Amino acid sequence: NAYWFSGFFALFVLPFSFYLLQRAIHVPLVFDEATSYFLYIKNGEFLPGSGFWSANNHYLNSFLTWLILVNEDSLSPLELRYANLAAFVLFAAWLFQIAKTLNSKALRFLLLPAIFSVHYLIEFFAYARGYGLALAFLVGCLLYLHQWQATFKISKLYKLAGCVFLMVAASLSTLPAAGMIVLAAVFVQLKSRKNGLASVPAFIIMMASLLGGAYVTNVLSSKGELYYGGNDGLWNSTIRSLQEVFFNAEGGFLDVVFGLIAILIAASAVFAAWYSWQKKSFNFRFFPLLIVLVALLFYVFANIFLGVLYPIDRAVLYLVLLVLIALFFTADVWAEYGGKPWPMLLLLPFIVFPATFVQKINVSSASANAWSVEQMPDSFYTKLVATNHSIGGYFLRQPQWNFHNLSVPKPVFAFTKSSPENTSLDYVVAGIDHLENYTSLYDAIDTNASQNLFLLQRK
């Protein structure tokens, strides 16, 4: 069984690794990637306080990319994305180890396909952002916490501490999960009463990660940098944003799907509470579910009492991963307890991800419209290399243009930030929503892969 499962892992992960590599090579940069390069990576000013304070600075990604870059005279998107591609290997390997702890053979084989079929989730391993790194180290946290409570080996505790530190450094949005993981580690230590002083440095590392993350978050808030979120309630802000980035649509059928997922989370919580009461102990396989419930409650109370915005789309990507893992483990315990396979129906709503995965496969653009509209293909630049005219557009496209200027043999002229009302430029890069502002004076001469960004030329 172990032999066949390992073979399945290799045959399944290798194609996804190749696919992500192709995306890292061919998918144009988005605004956040290019901005991070110019503000933090290029000059090495990525430590908190050393450069411009912004939530766009994902510290671990900035550090690793700065460390990896060796030739800044001929940059490509791939060079900025090496760190996250490497993180996918860790993510898959750790997820494989977690899958092996499931009792159900069917669930063991389904866990990786279920998670890898969430296209918007795995594509972050081919972007120069911190989310892919954070997802990898979150899985590492779950694995080493499980091994720590099962064996009390001090090496597992230090691996856990390292994963907590790196997860928070990769993305501050994971702080609620990090807090729960550290609390669980403390509880296990108090219960075991083993390792004593040898465990102290590990807990210092974890507490420093939490306190440092909280401090940086507070500074960003005071500077008005935590503006990315919504204030219309958990469903209308967080859930609707996930619908949009996962499926480029919202409401209707998707409300039914996400409503079913919410009901299944609630049912899982009821079963976990009842099971724990029956057994007079807490089954560790319910811990991912506990993180999900505490995080959701945290967001609600933080909004009500502190005015914190509800997180949206990629800021709660870690929670999507935890929901999937939580329902797999809950179904595993439930099926084991009842001796029947029907609790696997908890996973049924997630069929929407593999059902829509194939149509999202591409190596030319982001799967979410919100990001694909920022991506300029090489053809935009090559059409203008030999010209000497003015070009401009919305400011979210300027950093990507400037990044390409670093790599073309003859730099294209500068990109001018302008509003849709400005029709004085020779060329304009415009999103599909603003085309009507230019139709009388400009012709579209090129478009990007998703056909929602256009290069316009004055008639």
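Predicted model: local features only at pLDDT ≥ 70, side-chain atom pairs only at ≥ 80, totals over all residues.
Reader: Good to know. Let's take the helices: what makes α13 oblique to α14?

Author: The axes of α13 (287-306) and α14 (317-338) come within 7 Å and cross at roughly 140°. Angles under 35 degrees count as roughly parallel, over 145 as roughly antiparallel, 65 to 115 as roughly perpendicular, and the rest as oblique. The value of roughly 140° falls in that remainder, so α13 is oblique to α14. The axes are lines fitted to C-alpha atoms over the stretch in contact, with angles running from 0 to 180 degrees between N-to-C directions. The helices themselves are DSSP runs (H or I, at least four residues; strands are E, at least two), numbered from the N terminus.

Reader: And what is the handedness of the crossing of α13 and α14?

Author: α13 passes α14 in a left-handed crossing, a term for a near helix turned anticlockwise from the far one by less than a right angle (clockwise would be right-handed).

Reader: What about α12 and α14: which word describes their packing?

Author: Their angle is about 50°, and their axes are 10 Å apart. That makes α12 oblique to α14, and α12 passes α14 in a left-handed crossing.

Reader: How do you know that Asp255 and Arg240 form a salt bridge?

Author: The N to O value for their side chains is 2.8 Å, and a salt bridge needs a side-chain nitrogen of Lys or Arg within 4 Å of a carboxyl oxygen of Asp or Glu, so the pair qualifies. Asp255 lies in helix α12 (residues 253-279) and Arg240 in helix α11 (residues 233-247), so the bridge ties together parts 15 residues apart in sequence. Over the whole structure, a search finds 9 salt bridges.

Reader: Is Asp255 buried, exposed or partly exposed, and what makes it so?

Author: Asp255 has a relative accessible area of 21%. Buried means under 20%, exposed over 50%, and partly exposed in between (1.4 Å probe, protein chains only), so Asp255 is partly exposed.

Reader: What makes both partners of the Arg285 and Asp332 salt bridge buried?

Author: Their closest N and O atoms are 2.9 Å apart. Arg285 sits in the loop between α12 and α13 and Asp332 in helix α14, so this pair ties together parts 47 residues apart in sequence. Arg285 has a relative accessible area of 15% and Asp332 has 1%, so each counts as buried.

Reader: Why is Lys459 called exposed?

Author: The relative accessibility of Lys459 is 58%, so the residue counts as exposed. Its salt-bridge partner Asp443, with closest N and O atoms 4.0 Å apart, is partly exposed at 39%.

Reader: Asp313 has a positive phi. Why is that worth a remark?

Author: Most residues other than glycine have a negative phi. Asp313 is not a glycine, yet its phi is about 30°. It is found in the loop between α13 and α14, and with a relative accessible area of 7% Asp313 is buried. Gln451, in the loop between β4 (442-447) and β5 (453-458), also has a positive phi, near 55°. At 54% relative accessibility, Gln451 counts as exposed.

Reader: Finally, which residues make the nonpolar surface patch?

Author: The patch is about 670 Å² and is made by Leu297, Phe301, Ile304, Phe305, Leu306 and Val308. Patch members have over 30% relative accessible area and no salt bridge; nonpolar side chains (Val, Leu, Ile, Met, Phe, Trp, Tyr) are joined within 5 Å, like charges within 9 Å. Areas come from the Shrake-Rupley method with a 1.4 Å probe, and for residues only the protein chains shown count as cover. Val308, in the loop between α13 and α14, is partly exposed at 41%, so its area passes the patch limit.

Technical notes:
Residues numbered from 1 in each chain as written. Heavy atoms only, no water.
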